[in-house]
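Student: I would like to go through the labels on this model and see what stands behind each one.

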Amino acid sequence: MSTVDQFCCFVDNIMLSPLSTKQPLKKFSLFLTVETESSLFNFNAWVEAATRRGVEELRIYLSRRTFKPTIFISQTLVVVKLHSLRIGTDTSSVHLPSLKTLHLSCVNFTNQNDFINFLSACPNVDDFKVVGPIFHMLVKASSGPIFAKLVKASIGPIYAKFIKLIEATTAAMFNGIRNVQFLRVGIVTEASFKVIPVFSNLIHIEIVFYSHRPSHWDDVVDVLQHCPKLKILFIKVCCIVPFIFGYIGANGV
């Protein structure tokens with residue numbers, strides 16, 4: 001039996017045994033950075049078991065695995081942080097009324113509607129992070145506030161191949177997060193923010209340029225002029241461009 005199979009049997013014994021299913025669970029984390037074809041890798045069953053046990057915090061890092069949307073039906077989840085995985089088709093059943101923190105790093109959805117349905121199922125989120133090509137779906141979805149109670153948002157890094165799309169809909173993107181108190185934006189290639197709403201509640205902003213020669217400093221000044229309550233400004237220039245897993249299919253990211 002391989003090491004991965006042994007690990008899977010161990011998790012099965014903890015998560016799926018009749019004795020453990022009645023015990024409450026506060027936090028469930030699953031990190032796997034290598035590919036595996038093991039038939040014993042029952043990640044969907046493990047997460048479903050965690051939600052049945054009233055888990056409050058879920059952290060998942062799985063390379064290109066597809067999760068069933070029905071996993072995300074929970075009255076108790078408060079924190080969900082997902083990385084490098086896919087959400088299956090049809091998210092209309094997703095229901096996360098207690099969720100406060102939602103981080104989606106390199107997470108792929110079949111199409112924009114599934115992404116919007118997922119966000120709509122989390123009405124009480126106040127801490128939102130989105131990283132990777134899924135960002136262009138966020139831009140399209142942001143005609144109004146993304147979350148009514150949003151306080152903290154972290155967006156990007158924004159990549160070159162999405163710049164034209166982003167510039168065309170900058171107003172929609174910013175409108176979706178205009179009520180936040182904390183904003184972090186990462187930019188790989190220069191983006192010109194031509195239409196900027198007033199961030200009436202913004203106190204803290206961080207702008208990270210992943211570029212050797214960042215420009216468009218006038219646009220940065222324009223952003224700051226639309227932040228009447230700003231107290232903290234953080235600007236960072238990084239020479240190392242982060243790697244983002246993602247793909248664009250026929251229907252979306």
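Predicted model: local features only at pLDDT ≥ 70, side-chain atom pairs only at ≥ 80, totals over all residues.

Student: Why is the pair of Phe7 and Trp46 called edge-to-face?

Tutor: Rings of Phe, Tyr and Trp (its six-membered ring) pair if their centres lie within 6.5 Å; planes under 30 degrees apart are stacked, over 60 edge-to-face, and the rest tilted. The centres of Phe7 and Trp46 are 6.2 Å apart and the planes stand at 90°, so the pair is edge-to-face.

Student: What parts does the pair of Phe7 and Trp46 tie together?

Tutor: Helices (H or I, at least four residues) and strands (E, at least two) are DSSP runs, numbered from the N terminus. Phe7 lies in helix H1 (residues 3-15) and Trp46 in helix H2 (residues 43-52), so the pair ties together parts 39 residues apart in sequence.

Student: Phe7 and Trp46: buried, exposed or partly exposed?

Tutor: Buried means under 20% relative accessible area, exposed over 50%, partly exposed in between (1.4 Å probe, protein chains only). Phe7 has 35%, so it counts as partly exposed. Trp46 has 0%, so it is buried.

Student: What makes the pair of Phe43 and Phe67 tilted?

Tutor: The ring centres of Phe43 and Phe67 are 5.1 Å apart, with 50° between the planes. Phe43 lies in helix H2 and Phe67 in strand S3 (residues 66-67), so this pair ties together parts 24 residues apart in sequence. Phe43 and Phe67 are both buried. Phe7, Phe41, Phe43, Trp46 and Phe67 form one aromatic cluster.

Student: How do you know that Lys152 sits over the ring of Phe182?

Tutor: The rule asks for NZ of Lys or CZ of Arg within 6 Å of the ring centre and within 35 degrees of the ring normal. The charged end of Lys152 is 4.9 Å from the centre of the Phe182 ring, and it sits over that ring.

Student: Why is Cys106 called buried?

Tutor: Its relative accessibility is 4%, so Cys106 counts as buried. Cys106 is in the loop between S6 and strand S7 (108-109).

Student: And why is Asp90 partly exposed?

Tutor: Asp90 has a relative accessible area of 43%, so it is partly exposed.

Conventions:
Residues numbered from 1 in each chain as written. Heavy atoms only, no water.
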